[in-house]
Amino acid sequence: MEFSLIRILGIDPGLRTTGFGVIEAQGQARVYIASGCIRSGEGSLPDRLHVLLKGIREVCDHYQPQQAAVEQVFVNVNPQSTLLLGQARGAAISALVLAGLPVSEYTALQVKQAVVGNGHAAKEQVSHMVQRLLNLNGVPQADAADALACALAHANHATGGLANAGMKSRRGRWVSL
């Protein structure tokens with residue numbers, strides 16, 4: 001069976017820092033292309049959202065992904081922080097849609113489970129597994145590592161990796177069939 005090559009852009013949205021990670025997936029093979037962070041700086045909320053929207057569009061234009069994966073927002077203790085994070089996520093999704101990409105969304109639990117095998121893994125474990133799975137020389141920045149993990153989770157889903165492993169999504173978790 002021949003698998004087509006898919007270029008995936010993963011996004012870890014944040015108002016101050018939005019991580020991005022680009023990988024290619026073909027069958028079970030995963031190849032690192034690029035990663036980094038878009039920093040919105042200081043200023044008004046509309047200006048910061050514009051920086052994120054513009055930055056993600058530039059990433060899309062430069063790396064030409066075919067699909068996108070975005071981490072879903074968790075509900076924070078502070079409602080104002082949750083609202084701001086949701087607005088940053090909306091700007092990210094808008095940029096991806098404007099670039100013509102199909103967008104898939106994954107919970108942090110699904111991402112961790114797909115990459116580490118444990119939905120409650122620590123951020124350090126996720127970073128370490130991203131480094132191992134993509135054969136990176138060093139550990140990527142935290143937000144970039146989360147974005148790469150999101151892209152890896154999507155690669156597993158898009159290529160049937162988790163389904164072939166007897167897993168399916170139920171209420172934000174990967175569970176055995």
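Is Thr17 buried or exposed? Thr17 is buried, with a relative accessible area of 17%. Buried means under 20% relative accessible area, exposed means over 50%, and partly exposed lies in between (1.4 Å probe, protein chains only).

This is a predicted model, in which local features need pLDDT of at least 70, side-chain atom pairs count only at pLDDT 80 or more, and totals for chains, interfaces and linings use all residues. Residues are numbered from 1 along each chain as its sequence is written, and side-chain values use heavy atoms, with hydrogens and water left out.

**Around Thr17**

Thr17 lies in strand 2. Setting aside residues up to four places away in sequence, Thr17 touches Asp12, Cys37, Ile38, Arg39 and Asp143. A contact means heavy atoms within 4.5 Å. Thr17 and Ser40 are 23 residues apart in sequence, yet their C-alpha atoms lie 6.5 Å apart in space.

**The whole chain**

The chain has six helices and seven strands. Helices (H or I, at least four residues) and strands (E, at least two) are DSSP runs, numbered from the N terminus. In order from the N terminus, the elements run β-β-β-α-β-α-β-α-α-α-α-β-β.

The chain has 177 residues, and 48% of them are buried. Take the contacts between residues at least 6 apart in sequence: 58% of these join residues at least 24 apart. The chain exposes about 9100 Å², and carbon and sulfur atoms supply 51% of that area. Accessible areas come from the Shrake-Rupley method with a 1.4 Å probe; for residues, only the protein chains shown count as cover.

Five strands form an open sheet in the order 3-2-1-4-5, with mixed pairing. Strand 3 (29-39) and strand 5 (103-106) stand at the edges with a single partner strand each, so one side of each has no neighbour in the sheet. Neighbouring strands here are turned by 20° against each other on average, direction ignored.

Strand 2 (residues 17-26) pairs with strand 3 in the antiparallel sense over ten bridges. Two strands pair if DSSP finds at least two bridges between them. Phe20 stands opposite Gly36 in strand 3.

Helix 2 (residues 79-98) packs on the sheet. Helix 2 touches strand 1 (6-12), strand 4 (67-71) and strand 5, and its direction makes about 175° with that of strand 4. Axes are lines fitted to C-alpha atoms, for helices over the stretch in contact, and angles run from 0 to 180 degrees between N-to-C directions.

**An enclosed helix**

Helix 5 (residues 142-158) has 17 residues. From first C-alpha to last, helix 5 reaches 24 Å, close to the 24 Å expected at 1.5 Å a residue. The expected span is 1.5 Å times one less than the number of residues.

| Residue | Phi | Relative accessibility |
|---|---|---|
| Gln64 | about 50° | 53% |
| Asn135 | about 55° | 68% |

Gln64 sits in the loop between helix 1 and strand 4. Asn135 is in the loop between helix 4 (123-133) and helix 5.

**Confidence**

The mean pLDDT of the chain is 89, and 88% of its residues reach 70 or more. pLDDT is the predictor's confidence in each residue, from 0 to 100. Confidence is highest in helix 1 (residues 45-63), at a mean of 98, and lowest in helix 6 (residues 161-164), at 44. Over residues 161-169 the pLDDT is below 50, and this stretch has 22 contacts in the model beyond near neighbours in sequence.
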